[in-house]
Amino acid sequence: MSETSAPFYITTAISYPNGRPHIGHAYEAIATDVMARFQRARGRDVRLITGTDEHGLKMFQTARDQGRATIDLADEMSGYFRDMYAKLNISYDIFMRTSDKAHHAASQAIWRAMDANGDLYLDLYEGWYSVRDEAFYDESELTEGEGGARLSPQGTPVEWTVEESWFFRLSNYQDRLLALYRDNPDFIRPESRRNEVLRFVEGGLKDLSVSRTSFDWGVPVPGSPGHVMYVWVDALTTYLSGLGYPDPASDFSTFWPANIHMIGKDIVRFHTVYWPAFLMSANLPLPRQVFGHGFLLNRGEKMSKSLGNVVDPMALADRFGVDALRYYLLREVSFGQDGSYSAEAIVRTANADLANSFGNLAQRSLSMIFKNLDGILSTDWAPAEDDINLIADVLDMARTRLPREFDALAFSVGIEDWIRAVFACNQYVDTQAPWALRKSDPERMRAVLMTLFQAVRALAIAIRPVVPAAADKLLDQMGVAEDARDFAALADADWFAKLVQSGFRVAQPVPIFPRLELPEAEGAA
């Protein structure tokens, strides 16, 4: 089975729903969705799994403080994430909640497998615990905050915790993990994240507390009354439960191991140290790659409630349009690095690239066919060298250059190549001047317009994973069938002749990318 026909499995991080989703959640979901759509367009059978990590002390305390059942809080908060995914056109296959019965079964199955391997033992835990991070930290990792408060590496407060706990023998896996990183250099990306993890593991690993007794909101530990699983065993197992593990007849047998776990850089350790160790212990295959993307900064500042700059992605989508937001985040942020955004930047990029460049190219090309040729497409024309060169360049971008970059998660690089092809098409229009050819050389005008029609179709298919709704709206107007909008369709040399033979005629086109406006007095996005 070739790489481009093998099943493809990709996941977002499993979001902790102690608050409504923010733009960082949206950024990760959009990037993951673009990769999933891209792989589907290449003909691969894809599973995109996402969900919410609803257990842990934070959820328990919040629900208690509100005087409500924890599951009621989880239902409400999880719903906000579903709403965001629907709004942003995220094409997930499974939304797995850790409160689901199927997830409990999977978590208990991997627990039993680790126990059978001799990697779990009962002891007393004493140490620094961050409720906000749902993580334990060593003394050496702490810093001092205001008033002498102890803070985790993430800047969250920690408290001294003493309780009986099950422990995982993480210390036994140091050498195996280092061998994993050495033998599979792409297991952790980008390189900067890999170096951070290497330094952490080389510094020595301590056994990991993997259960709690101070609350009961979680997956019960098999055969150990009063214990619930510590959140990271529970949460990480979502990547298995979303495929139906441990049922051998489920999607798990087809799609595991995951091709990519897409996560924020702040949780790389859990996914590249704890998770592979758990899987090794349970004798399960390891994911092929963990990609730790960067943070989004609001006008260069990290978002926080105290600064009042936390942004609701639903509001951004309403203001600028879903496709414009999707395009901006992947076009302007080098994936893997931190990136900044603002309302002005979104408007500027969407107008320059989508409305003025690609949208205008499509609109005037189809309009000229409608007005000058009565919407009739034709194969009765001879391409000139300029026509052949333009189509060759656009197709090379769509078939080779953009896919190569998207495959490597270099979305901004691939999109940059796409917009250069758009610019080349606009330059071609200006040089050929079909409006002048209408009187001087109508046959040449026909050749130019037919060339543009073919180029626009290739451009729309190439960028479709990023702006799916707009691309489909355009391809509908061009008579391109819904099942002919993937990368295989770009290799069909007869598609245009078939479309001509079908009798399709171009109607008066409808603009696909309206220009955005930003009031002068408007503040930050």
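Me: What volume does the second largest pocket have?

Reply: The model is a predicted one. In this model, 23 residues line the second largest pocket, and they divide into 11 nonpolar, 5 polar and 7 charged. The volume of this pocket is about 470 Å³.

Me: Which element gives the most to the lining of the second largest pocket?

Reply: At least two lining residues each come from strand 4 (120-130), strand 5 (135-137), strand 8 (159-168), strand 10 (208-209) and helix 10. With 4 residues, the element that gives the most is strand 4.

Me: Which residues lie nearest the centre of the largest pocket?

Reply: The largest pocket holds about 1800 Å³ of space. Its lining divides into 20 nonpolar, 14 polar and 13 charged residues. Of the 47 lining residues, those nearest the centre are Asn-18, His-22, His-25, Arg-132 and Asp-266.

Me: Are helix 14 and helix 15 roughly parallel or antiparallel to each other?

Reply: Helix 14 (residues 385-407) and helix 15 (residues 411-432) have axes 8 Å apart and pack at an angle of about 170 degrees. An angle over 145 degrees counts as roughly antiparallel. The two helices are therefore roughly antiparallel.

Me: How far apart are the end C-alpha atoms of helix 15?

Reply: Helix 15 has 22 residues, and at 1.5 Å a residue it should span 32 Å. The distance between its end C-alpha atoms agrees with this: 32 Å.

Conventions:
Residues numbered from 1 in each chain as written. Predicted model: local features only at pLDDT ≥ 70, side-chain atom pairs only at ≥ 80, totals over all residues. Heavy atoms only, no water. Axes fitted to C-alpha atoms, helices over the stretch in contact; angles between N-to-C directions. Parallel < 35°, antiparallel > 145°, perpendicular 65-115°, else oblique. Expected span 1.5 Å × (residues − 1). 1 Å grid on protein atoms, 1.4 Å probe; cavity = no way out; pocket = protein on both sides within 12 Å on 5 of 7 lines; lining within 4 Å. Points joined across faces, edges and corners; volume = space filled by probe spheres on them. Nonpolar A, V, L, I, M, F, W, Y, C, P; charged D, E, K, R; others polar.
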